[in-house]
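Visitor: Could we go through the charged side-chain pairs together? I'd like to start with how accessible some of them are.

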Amino acid sequence: MDSVQVRPMQEDDLRSAERASAVTFLEAERSTRRVSDPEAEPRSEAASEQWIDRMRFFLSVDPGGCWAAVDGDEGDSTVGFALSQNRGRLWFLATYGVLPSHQGRGVGRRLMDAVLAHADGRPGIFSSSIHPGATRRYRMAAFSLHPQMRMVGTVDRSTLPAVHGLREGRADDFAWMDELDQELRVAGHGPDHGYLLGTRRLVVSRDGARPGYVYLDDRGRASLLAARHPETAQTLLWEALASSRGSTLVNCITTPNEWAIDVGLAARLDIGQEGYIAVRGMPVPAPYLASGHFL
């Protein structure tokens, strides 16, 4: 009899889940690494703590979407995880994986069944790797898989244009930001904006009919960008590139967001492919660059 139990995640599971996540994604990166890609490296201690902090946030906001697979034969250690969230009319999958040693045993299917039941028919979105088993499962669950691109490199600073009309964002911007989110991705980010503002820099454009915003991480990289018009989106992305230090990354670029490719090429970044944006019951958001965990 299978010793693995799939059950609602608890806060005590987070450290074990993080270890399972680190192993799972490191192995996936190594197995799919292209020759031109840098060597995959283990997750740093700081990144592990950030992962735990983000997942603790999801567990506090919508615990019904957070599930763990634990193996009784291994001291109830976490061997799989799936953390999803409902935000109004939208469902998203923040992260999902199964240890390589437990893949092919139906654990992933059981976890996916649990989080999709939590979605309760809502439109859904998430960022997917190219793992063949995972992508097969997503397509069988009626998600459309849209190839993503990424742009990497060091910005040629001579290409940076003068940027106008932007300011630092504040919590009192969240209301209009949620309205913009609803236009682009069915529902607002709601409590996610508060979490993101506490961990990232927020830059906004309040240009009347063309609002937009971008969150920048501690390396100046765009980690979530939304705008009503491609021109605003490009201005926000240029601000992110101007804030970058050393090698930078622009990811989650889909075909409807070719405006981002134009900016990246102008800044002398290199383009490549990276996984999929999976959507069900909704179009691919644009102008929009999704966040890996917050979508």
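Visitor: Is Arg15 buried, exposed or partly exposed?
Guide: Arg15 is partly exposed, with a relative accessible area of 44%; here buried means under 20% relative accessible area, exposed over 50%, and partly exposed in between (1.4 Å probe, protein chains only). This is a predicted model, in which local features need pLDDT of at least 70 and side-chain atom pairs count only at pLDDT 80 or more, while totals for chains, interfaces and linings use all residues. Residues are numbered from 1 along each chain as its sequence is written, and side-chain values use heavy atoms, with hydrogens and water left out.

Visitor: And which side chain meets Glu49 in a salt bridge?
Guide: Glu49 pairs with Arg15 at 2.9 Å, N to O, a salt bridge being a side-chain nitrogen of Lys or Arg within 4 Å of a carboxyl oxygen of Asp or Glu. Glu49 lies in helix 2 and Arg15 in helix 1, so the pair ties together parts that are 34 residues apart in sequence; helices (H or I, at least four residues) and strands (E, at least two) are DSSP runs, numbered from the N terminus.

Visitor: OK, how many salt bridges does the structure hold?
Guide: There are 14 salt bridges, including one between Arg56 and Glu11, whose closest N and O atoms are 3.0 Å apart.

Visitor: Switching topic, which residues are linked with Arg201 in a network?
Guide: Glu168 and Glu239 are linked with Arg201 in a network of salt bridges. The side chains of Arg201 and Glu168 meet at 2.7 Å, N to O, and because Arg201 lies in strand 8 and Glu168 in strand 7, this pair ties together parts that are 33 residues apart in sequence.
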